[in-house]
Every structure is written in C-alpha cells, then in structure tokens.
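Keep the structure in view while reading.

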Amino acid sequence: MQQDATLFFILLFFAVVFISQALILPAAGSKAKHKELSQRLKDSQTNLDEEARSLLQEHYIKSLTPLDRKLVKFETFSSLKKMIELSGYDWSLTQTLTVTLMFSVLGLVTSLIFRQPIYVGLAAAIGVWFILYFWLNKKISDRLAAFEEQLPEALDIMRRMLQAGQPVTQAFNEVGNEMPAPIGIEFKNTFNLLNYGYDMRMAIMQMAERTPTVSMLAFSSAVLLQKETGGNLSENLEKVSKVLRSRFKLQRKIKTLSAESRLSAWILVLSPFILFLFLSFINPEYVEPLYRDPRGLDLVSGGIVSLFIGSMWIRKIINFEV
C-alpha cells in the first residue's frame, strides 16, 4: 500500500512539472523555432570559404576547456553545451554535468536512506536532469526574448552613429557600452572580433549563432546585404527597426487578446490537483481509494496523459507565430 501511495505522488509531481512546462514555455520565439533558424545559419555558413569556416570552428574550440573539447564531439553533449551558451550562463560543460550528477546521486541516496523503493530513487535522479533541461529552456526563452526587445533600440543607436560618420565597428562598440545585457554583451563580443581582424560576415555569423532569433536574422541580413551590394546601411537599419517594433506591437496585442484563454487553460489544468489537495485535507478517507486502489492509479495515469495532451492542444491554439 505504501509503495502504491509513493508511486501515486511521484506521478502527481511529474504531471504538475510537465504540464506546467507545456503551458509556460512560449511557442512564439521558443527554441523549436530557433532550431529552424540555426539550420538556416548553418546553411549560410556553407557559402563561406573553407578557411573562414575553419577559423569559426577554431575560435569556438579555443573557448572550451580541454575536457569540454572531447565531450562536444558527442552530439548529446554538444547540444547541451549549446543550450548552456544560449541560456547566457558561463558554465562549462564539465561543471554542469558534474553538479547535475551530484544532485542526481544525492536524490538517489536520500530516497534509499528513507527506505523508499528503488524506482523512487531512480525517478528522483532522472528528475534532476529534466529540471536542468526545463530550466535551461526557460532561461533561453527569457534571454532571447530580452534580446529581441532590446534590438530596436540598439539599431537606433547604430543608425545615429552611422549618420554621425562613425564606422560600423564603432557602432557595435557604442551599443556594447550603452546597452545592458544580454544585447550589450553580444554587441561588445562582436566588436572585439571585428577589432581582432575578423571578417564582418564571420563576426555576424558568430553573433547570430549565439542569438538565433527572427530579429537577429533580419539584422544580420541587412548588414551583410549592405556589405556585399552596397547601399545606405543607416536607412536599412531604420526600416528594420520599424518592422521589429511593429512586430512586437502585434505580439503584445495577441498576448492581450489571448490572456483570457491562457487563464482558462491554467484553471482547467490545475483544478484537478488543487481539488485533490483540498479534499486530502478536509476528507482524507474520501480520496484514499484514488492512490491505494490499483484501479485508482490507473485512472490517475490516464488522467495525467489526458491533461498533458489537452494542455499541448490549448498551447497550440493560444500561441501564434509572429
């Protein structure tokens, strides 16, 4: 009986975590879209000559620790390292894996100390890795959303610098000095690359890889197009800035119009869990069959799956790509 109750609360915990993440992580500007943008950037890099691609790879490898260089040869570790970089943390891959593994072992040992079944310890150990994944995804979404919101103002600073007769490299430096993180750091890094003698195309590619968003793709296209074909860069940046501001205005309008639907989604998803906790306090005997009877556990499992499918469906309906 005790094992059945433990299994029930484990299912309940993971249900709340996964369902809430399905609703919290936004669809517009989320990492799913960034994968597509990253692929487009990789396709753009194929147009670079072999020496340029070699320099890009060499610059990236030099920034890693010796152990990280060996780990990134594996696709799983390489993806995790990319997530850490996109989230804005300066953690090394080795440090992240070590700390996460320590917490996993701690969860497993703690469950064994309290004489819980082995599958409880394994669930706790695996849960730590899921928490790391969801946390990094949330930080990536927050960081890239902040970058996109700051970009129009950064483009205005660049436009004024160019109109004052300053070179584009100095415009990057001015944005890096004037703007806060994350956009200030990214523009400062790009200025440093240009100062060290990197080609404009290579420096922009590096920046776009660190911030794979629609806004960054528009900005990089404007800069590279002006470099290759000529034209008035300040005028192009002004047009891009206006388009980005209109895009944000539309995004906020959609968010406002869908606020009622999002609130309804939270109420529908969380009401079963809140009702269960409420009944557990006022009438524990009434809800006991739900986690002591095997049929109750089957019902809970089916309900959790249904809630997850429903939350994904609601998420698809109330989120729009702009």
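The axes of α11 and α12 come within 10 Å and cross at roughly 165°. Axes are lines fitted to C-alpha atoms, for helices over the stretch in contact, with angles from 0 to 180 degrees between N-to-C directions. Helices are DSSP runs (H or I, at least four residues), numbered from the N terminus. α11 and α12 are therefore roughly antiparallel to each other, a label for angles over 145 degrees.

This is a predicted model: local features need pLDDT of at least 70, side-chain atom pairs pLDDT 80 or more, while totals for chains, interfaces and linings use all residues. Residues are numbered from 1 along each chain as its sequence is written, and side-chain values use heavy atoms, without hydrogens and water.

Which residues in α11 and α12 meet? Contact means heavy atoms within 4.5 Å.

| Helix | Residues in the contact |
|---|---|
| α11 | Val214, Ser215, Ala218, Phe219, Ala222, Val223, Gln226 |
| α12 | Leu233, Asn236, Leu237, Val240, Leu244, Arg247, Phe248 |

The residues of this contact divide into ten nonpolar, three polar and one charged.

Now the cores. A nonpolar core is a set of buried Ala, Val, Leu, Ile, Met, Phe, Trp, Tyr and Cys residues joined through side-chain atoms within 4.5 Å; buried means under 20% relative accessible area (1.4 Å probe, protein chains only). The largest one has 33 residues. Phe172 and Phe219 are among those with the most contacts inside it. α7 (118-163) is one of the elements that give two or more residues to this core. α7 gives the most, with eight residues. A second, separate core of 13 residues includes Leu71, Met83, Ile84 and Leu97.

Terms used: Buried < 20%, exposed > 50% of the residue type's maximum accessible area, 1.4 Å probe, protein only. Parallel < 35°, antiparallel > 145°, perpendicular 65-115°, else oblique. Nonpolar A, V, L, I, M, F, W, Y, C, P; charged D, E, K, R; others polar.
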